[in-house]
Amino acid sequence: MPRPLLETNRLVLQRFTRKDSTTLDDAIRSSLPELNQWLPWARMDYTPSDTHAFIRESIQAWKEERAWDYSIRTQEEPRRHIGNISFWTVSKLGKIAEIGYWVRSDETKRGVCTEAVNALLAETFNSLGYHKVVLRIAVGNDASDRVAEKLGFTREGVLREELLIRGNWVDHSLWSLLDREYRSARRGATTA
Ligand SMILES: CC(C)(COP(=O)(O)OP(=O)(O)OC[C@H]1O[C@@H](n2cnc3c(N)ncnc32)[C@H](O)[C@@H]1OP(=O)(O)O)[C@@H](O)C(=O)NCCC(=O)NCCS
């Protein structure tokens, strides 16, 4: 089982509780124009009851070990939700996990997503023994592609018409990182 609380110098990643509704809803509402472009669930008529439903489902998914969602906070302001990051197993046999994320719009371009994904990579590779981690990124989502690049992921190819977003079937790039690539990149970073 993943740990319910992960920390970096700047960030705290914690599993959701019912008390997180207000701050999560505020983050979603203030970021809808950006989230709406790439995430099917982020409809412009998104309501607080959708947030309640998300938290209920997230708590249930942890219990059933289906998926693990974390609320991203800063050490400085731990009560303010600044983004979501989640992972789930896509292949038990292949030991493959997928990560998904978003960051509230007034906190983007500060390295938050890269730092949060890096924290989950440590958990998936070092603690949980996954062999491969993948990201599926809509073609044209340059900020998300950049996160994958910065963390050393390789673009494997394009998944055609992978997701229906606002009525359009959108191609997605499949990016992946192997456990040995993760370890050798981090070893290089500490000895450089
Ligand atoms: C994608 C997203 C999570 C990135 O979060 P973030 O915290 O800003 O990410 P980081 O700051 O760690 O890195 C973003 C990188 O993309 C770059 N970037 C941002 N917007 C960009 C754009 N339009 N074109 C090219 N690069 C861009 C940033 O400059 C940064 O790179 P740098 O460090 O080399 O300067 C955030 O933009 C977001 O939530 N978008 C909407 C939802 C979404 O797309 N989720 C991902 C679905 S796969």
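Below are my notes on a helix pair and then on the ligand site.

**Before starting.** I'm keeping in mind that this is a predicted model.

**Helix pair.** I looked up how two packed helices get described, and it's by the angle between their axes and the distance between the axes.

**Who touches whom?** From α1 I listed S21, L24, D25, I28 and R29. On the α2 side I wrote down P48, T51, H52, F54 and I55. Sorted by class, this contact has 5 nonpolar, 3 polar and 2 charged residues.

**Ligand site.** How many residues surround the ligand? I got 21, and the closest are K109, G111, T114, N141 and K150.

Next I looked at ligand oxygen atoms. One is 2.7 Å from a polar backbone atom of K109. For G111, a backbone N or O atom also lies 2.7 Å from a ligand oxygen. At R110, I noted 3.4 Å between a polar backbone atom and an oxygen of the ligand.

Terms used
Residues numbered from 1 in each chain as written. Predicted model: local features only at pLDDT ≥ 70, side-chain atom pairs only at ≥ 80, totals over all residues. Heavy atoms only, no water. Contact = heavy atoms within 4.5 Å. Helix = DSSP H or I, 4+ residues; strand = E, 2+ residues; numbered from the N terminus. Nonpolar A, V, L, I, M, F, W, Y, C, P; charged D, E, K, R; others polar. Near = heavy atom within 4 Å. Polar contact = N/O pair within 3.5 Å; in protein donor to acceptor, adjacent residues only side chain to side chain.
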